[in-house]
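Let's take a friendly walk through this structure, one stop at a time. Have the view open and follow along.

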Amino acid sequence: MAANATQGSQPSVSSNGAPLLELKNLKMHFPITTRGLLRKVIGHVKAVDGASLTIQEGETFALVGESGCGKTTLGRCIIRIYQPTAGVINYGEPDGTVVDLATIQGKHLKPYRRAIRMIFQDPYSSLNPRRKVLQIVGEPLIRHNIASGSELEDRVADLLRKVGLRPEYILRYPHAFSGGERQRIGVARALALNPRLVIADEAVSALDVSVQAQILNLLQDLQAEFNLTYLFVAHDLSVVEHIADRVAVMYVGKLVELGTRGQIFNAPKHPYTEALMSAVPKPDPRLRDAGSRIRLEGEVADPSNPPSGCYFHPRCRYTQDRCKVKEPALRDIGQGQHVACHFAEQLQLKGVAGM
Amino acid sequence: MSTESSNHMGGNSKVFLEVKGLKTHFFTDEGVVKAVDGADFRIQRGGTVCLVGESGCGKSVTARSILQIVDRPGRIVEGQILLHRSNGETVDLVGLSPHGKIMRSIRGKEIAMIFQEPMSSLSPVHTIGNQIMEAILLHFDTDKEEARTRAIDLLKRVGIPKADQRLDAYVFQLSGGMRQRAMIAIALSCQPSLLIADEPTTALDVTTQAIILDLIKELQRDLNMTIMFITHDLGVVAEIADEVVVMYLGKAVESGTVDTIFHDPKHPYTRALHKSIPKLGESDKGPLDTIRGMVPHPFARPPGCTFHPRCDSFMPGVCDRIDPPIISLDEGADVRCLLYGGAESERPVSLESKEEG
């Protein structure tokens, strides 16, 4: 079942051709203030600093990068936990109308909160320990006046069955479940309102490998069954390679590369993408000293005080004078692959196969 | 069996630490949690042993048992932990009082430990320098001035820039990678013979992880340290281990060289672990092989082989009755699985059971 839907890696575009989600130059700057009464603003942490991307209906779009690169903030802007500082979040409704979520406020957001749901990282801290499974999974149904009473119980039991949990567990508390089962509860809650887009923020990072495989398979099965679109925020590249159709790589609040899974993993064009993939340990001791290892020196740049020019230039091994002064724009280099590097065409970078 | 005894058995100067039949149980109000319930392995002098397993399999408790820092209500109930010093002395750490003078002189000096989360295992109210100097002042007869110089050297050694200034920094002022370097500096302050690293890179980004792994390997070479590395990441294991111990529900189910564990794994659990991880460069988006079911509750361990409800090679009537003994195979690998023998004494089974040599 999973294979059928995912094999056709060409994402199905909705009837009018508009993408499900389109971000244009999205910015999320958090002010840094002085202490005390006046709270004078002395700077900004540019967590997301001009991100543009489109997500087509039915695809799995992955956002990767090191901690602090802004990938979680980007996800939270889309679901409007944050009010973005600038930019456009165009959401394409099934009937063809396009709505800018960044400009909508308060209760007017409610219908879109049904369509875009989130799965959180840590199944231990994201479920309220004092609520029963019925209340946790049923809460969105009550909030949106969809079901109550015995109908609510039926629908929650049905959701539990879909995510592979026994419906008899409906009156249990989260502590009675293992990590993998809790994450299934989180998935059930996200699916309760039949969403179109699910943002999975490091949804499998906290799980053990054997359980991680179960949840990844579950997410793929559910995608095939309900034609879900995933925005998969993750730092584990082997998981991303397994699940994603398209991948965007972030570095200090900016997208540095965007392309299909094959382009990013086999033919990366940005030096940061290459370095990131080369750092992943290969699970084969015979490859231990084979190939060239790239070690990134220094630390991730400070998003409140980024370097000049290309943010990556102090750690880049191909850096040239131009990189220090001129900031590269994210540009199309053909076949849908976008790169923010002055020398994308000249560099011969290695994909995972060559490492 | 013959190669076994000459290579690994006690009395051999190559073995640094031997863990024999270790059992560490936690006596809680609800019942006994057998966190470690039969761990057997050896660590070669100057080598790197990786302890792998899922959360709750007892890898951290095994490490804490070696240092005798198991929190109450846990305690070591059985087994031996033999420390073979280079001068020929052998000490059984289990026999020592956790608070006694001898254990305190070993802890930190002969055996040091790096913990997983530097932010929560370092003190937030002491400077990095104070925390490094504490160990030096405790174990060596030096004054503060000299301890400070040594602390600065250590910070330089682990690659912290501007070491003389960073010595007076607090933990919150350092980045994740720098914190972990500071933690390594503390562990190295007394030049330990054995360094136990409990998931030292799990909380770090891949790029930082690669650098910290390089640092640990380099320090091991230079200081001739023995390393026990605890992780759940098979990629990290492939990168640094000489030998691997796979743990499941408190038992060491398989141990062997890193090459046998990755290219000729014997235990069905080890095989299943390999299949369930997505591998970079080998993705076809098909469903992953999973290990069915989940890790059983600590109070409801299955009888017989504890892995049998999730095992693909489950033999009804055998695996659910007999607790598998340790079988030593020719290649120097030990495995706890009835496929390789151990069931004969109970009743004959018609299976291709490999006998020990």
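B:Leu204 counts as buried because it has 22 C-beta neighbours inside 10 Å, and the cut-off for that label is 20 or more. Keep in mind as you look that this is a predicted model. You will find B:Leu204 in the loop between β7 (194–198) and α9 of chain B. Leaving aside residues up to four places away in sequence, B:Leu204 touches B:Gly176, B:Gly177, B:Gln180, B:Gln209 and B:Ile212.

Two packed helices are described by the angle between their axes and the distance between the axes. For α5 (residues 128–139) and α8 (residues 176–188) of chain B, the axes come within 8 Å and cross at roughly 20°. Angles under 35 degrees count as roughly parallel, and α5(B) and α8(B) are therefore roughly parallel to each other. The crossing in which α5(B) passes α8(B) is right-handed. On the α5(B) side, the meeting residues are B:Ile128, B:Gln131, B:Ile132 and B:Ala135, and α8(B) answers with B:Ala182, B:Ala185 and B:Ile186. By class, that contact holds six nonpolar residues, one polar and no charged.

Now turn to chain A, where another helix pair is waiting. Helix α4 (residues 133–143) and helix α6 (residues 179–191) of chain A have axes that come within 7 Å and cross at roughly 30°. That angle makes α4(A) roughly parallel to α6(A). Here A:Val133, A:Ile136, A:Val137 and A:Pro140 of α4(A) meet A:Ile185, A:Ala188 and A:Arg189 of α6(A). The contact of α4(A) with α6(A) consists of six nonpolar residues, no polar and one charged.

Stepping back, chain A is divided into domain 1 (2–251) and domain 2 (254–354). The centres of these two domains of chain A, taken over C-alpha atoms, are separated by 27 Å. Their contact draws 25 residues from domain 1 and 23 residues from domain 2. On the domain 1 side, the elements that give two or more residues are β2 (41–55), α8 and β9 of chain A. Which of them gives the largest share? That is β2(A), with 10 residues. Sorted by class, the domain 1 side has 13 nonpolar, six polar and six charged residues.

Where do the two chains come together? Their contact takes 37 residues from chain A and 36 residues from chain B. On the chain A side, α1 (2–7), α7 (209–226), α8 and α10 each supply at least two residues, and the largest share, eight residues, comes from α7(A). The chain A side divides into 18 nonpolar, 11 polar and eight charged residues.

Our last stop is α10(A), one of the helices on that chain A side. Is helix α10 of chain A enclosed or open? Eight of the eight residues of α10(A) (residues 271–278) are buried, so this helix is largely enclosed by the rest of the structure. Among the buried residues are A:Pro271, A:Tyr272, A:Leu276 and A:Met277. The surroundings come from both chains: the buried residues of α10(A) pack against α8 (237–243), β9 (246–251), β10 (254–260) and α9 (261–266) of chain A, together with α9 (206–223) of chain B.

Conventions:
Residues are numbered from 1 along each chain as its sequence is written. Chains are lettered from A and ligands numbered from 1 in the order in which they are written. This is a predicted model: local features need pLDDT of at least 70, side-chain atom pairs count only at pLDDT 80 or more; totals for chains, interfaces and linings use all residues. A residue is buried if 20 or more other C-beta atoms lie within 10 Å of its own, exposed if 12 or fewer, and partly exposed in between; C-beta atoms are placed from the backbone. Helices (H or I, at least four residues) and strands (E, at least two) are DSSP runs, numbered from the N terminus. Two residues are in contact if their C-beta atoms, placed from the backbone, lie within 7 Å. Domain bounds come from an automatic or database domain assignment. Ala, Val, Leu, Ile, Met, Phe, Trp, Tyr, Cys and Pro count as nonpolar, Asp, Glu, Lys and Arg as charged, and the others, Gly among them, as polar. Axes are lines fitted to C-alpha atoms, for helices over the stretch in contact, and angles run from 0 to 180 degrees between N-to-C directions. Angles under 35 degrees count as roughly parallel, over 145 as roughly antiparallel, 65 to 115 as roughly perpendicular and the rest as oblique. A crossing is left-handed if the near helix is turned anticlockwise from the far one by less than a right angle, and right-handed if clockwise.
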